[in-house]
Amino acid sequence: MCRRAEGDAAAAGVSGKPETGMAGGMSGKPETSAGPETGFPARTLYGRLKVLEEPGAPLEPEQRLKAMNRPLLAWYETHARVLPWREDPQPYRVWISEIMLQQTRVEAVKPYFERFLKELPDVAALARVEDDRLMKLWEGLGYYNRARNLKKAAAVVAENYGGRMPSDYGTLLKLPGIGTYTAGAIASIAFGQPVPAVDGNVLRVISRVLASREDILKQSTKRWMEALLAKTMPQDQASHFNQGLIEIGAVVCVPAGSPRCGECPLESLCLAKREGLTGEIPVKTPAKKRRREERTVCILEQGSRVGIRKRGSSGLLADLYELPNVEGYLESEALASSFGLEPGNILQVEPLPEARHIFSHVEWHMKGYRVLFAGEFPREYMAVEKGDLQTVYPLPNAFAAYRKLIR
Ligand code: ADE
């Protein structure tokens with residue numbers, strides 16, 4: 001079988017070499033100028049490594065993945081975004097960032113990450129933070145169980161490991177809220193351990209490189225990919241390898257819209273690109289339809305105070321605060337009885353615009369009212385100063401449309 005690489009005939013079939021050492025890098029200065037279309041630095045020779053395959057003798061999946069390593073690492077050296085958690089990849093910082101980055105965009109995470117680290121700079125601080133304060137720091141990020149699990153895991157790390165994050169993949173995996181992806185990310189990025197970190201980005205990139213039609217929402221697909229990458233990834237460059245794959249998935253082989261194959265260091269290896277399958281791969285089973293729920297939300301207002309309520313300790317948005325709300329669309333005449341107000345105490349009712357909030361399994365379709373009233377607040381509500389809604393009480397984004405109408 002003849003497999004030839006341009007220039008440097010490497011065993012993996014990868015070609016091209018920087019002329020002198022690294023052409024740029026996370027630690028060195030890139031010797032490149034900004035590219036005109038992408039804002040990326042112009043490609044170095046290393047960024048255009050090509051793999052030449054004999055037609056009719058394609059690489060086996062493991063060979064194809066191994067061939068990916070050098071171009072991927074070279075690309076990451078010059079194209080990695082500068083991100084706060086990358087500057088100082090200590091285990092605690094990597095852990096917090098990776099948990100925040102699940103389900104949330106990088107740009108949205110940045111300010112949360114900075115604020116969280118400032119207030120809770122280490123495991124000990126996280127283990128002893130008040131629940132309400134933790135939820136306030138997480139407010140707006142959603143998926144609040146992520147934060148609850150962070151605190152639970154911090155308590156375990158404080159208690160069992162003297163406040164130092166374990167470096168071992170299997171030990172990390174036992175901590176609350178840490179699955180194979182996060183354990184792999186912490187072990188590789190913070191400790192350089194050669195374990196893969198397979199998230200949605202990586203599932204998409206590798207499925208395309210291999211033209212795999214396995215459903216990426218299945219656990220079995222993830223396990224298969226983890227096992228494959230564990231065998232083929234560079235054992236001494238796990239951090240940059242994993243981050244490079246994630247980065248390609250985030251900025252090149254993007255989750256929505258067409259992949260930017262012309263910018264991809266893996267283009268010459270990618271079977272989905274070669275076979276025109278990037279529109280079909282990755283395969284995802286269609287998500288189950290979300291349940292639609294209609295609700296009526298009330299801004300219960302008296303002077304400088306509003307009524308809020310703490311939610312129960314289980315289920316959706318557990319232990320967070322909420323504006324008074326009930327299931328169903330209410331007419332204004334029904335507000336007094338539904339929200340426990342004396343009809344004679346209602347001074348004014350103002351209908352508010354409708355709003356919608358989408359959770360993973362349910363959609364809230366809300367109509368709202370502002371109710372100015374006299375007399376006591378009904379017992380089930382806490383009367384809080386409007387200003388304290390900004391600083392003290394964690395109110396989830398589901399209420400954002402109404403919260404911003406509180407003046
Ligand atoms: N998404 C998930 N993990 C990430 C990371 N470490 N950097 C950028 N985006 C990510």
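Student: Which residue has a side-chain N or O atom 3.0 Å from a nitrogen atom of the ligand?
Tutor: This is a predicted model in which local features need pLDDT of at least 70 and side-chain atom pairs count only at pLDDT 80 or more, whereas totals for chains, interfaces and linings use all residues. Residues are numbered from 1 along each chain as its sequence is written, and side-chain values use heavy atoms, with hydrogens and water left out. Taking a polar contact as a pair of N or O atoms within 3.5 Å, the side chain that places such an atom 3.0 Å from a ligand nitrogen is that of Tyr-181.

Student: How much of the ligand's accessible area does the protein cover?
Tutor: On its own, the ligand has 260 Å² of accessible area, computed by the Shrake-Rupley method with a 1.4 Å probe.

Student: Which elements give two or more residues to the shell around the ligand?
Tutor: The shell, whose residues each have a heavy atom within 4 Å of the ligand, includes Leu-83, Trp-85, Arg-86, Glu-98 and Leu-101. With helices taken as DSSP runs (H or I) of at least four residues, numbered from the N terminus, the contributing elements are helix H2 (84-87) and helix H3 (91-101).

Student: How far is the polar side-chain atom of Glu-98 from a nitrogen atom of the ligand?
Tutor: Trp-85 has a polar side-chain atom 3.4 Å from a ligand nitrogen. For Glu-98, the corresponding distance to a nitrogen atom of the ligand is 2.8 Å.

Student: What is the omega of the peptide bond from Ile-281 to Pro-282?
Tutor: Pro-282 belongs to the loop between helix H13 (271-274) and strand S1 (291-302). The bond that joins Ile-281 to Pro-282 is cis, with omega near 10 degrees.

Methods
Polar contact = N/O pair within 3.5 Å; in protein donor to acceptor, adjacent residues only side chain to side chain.
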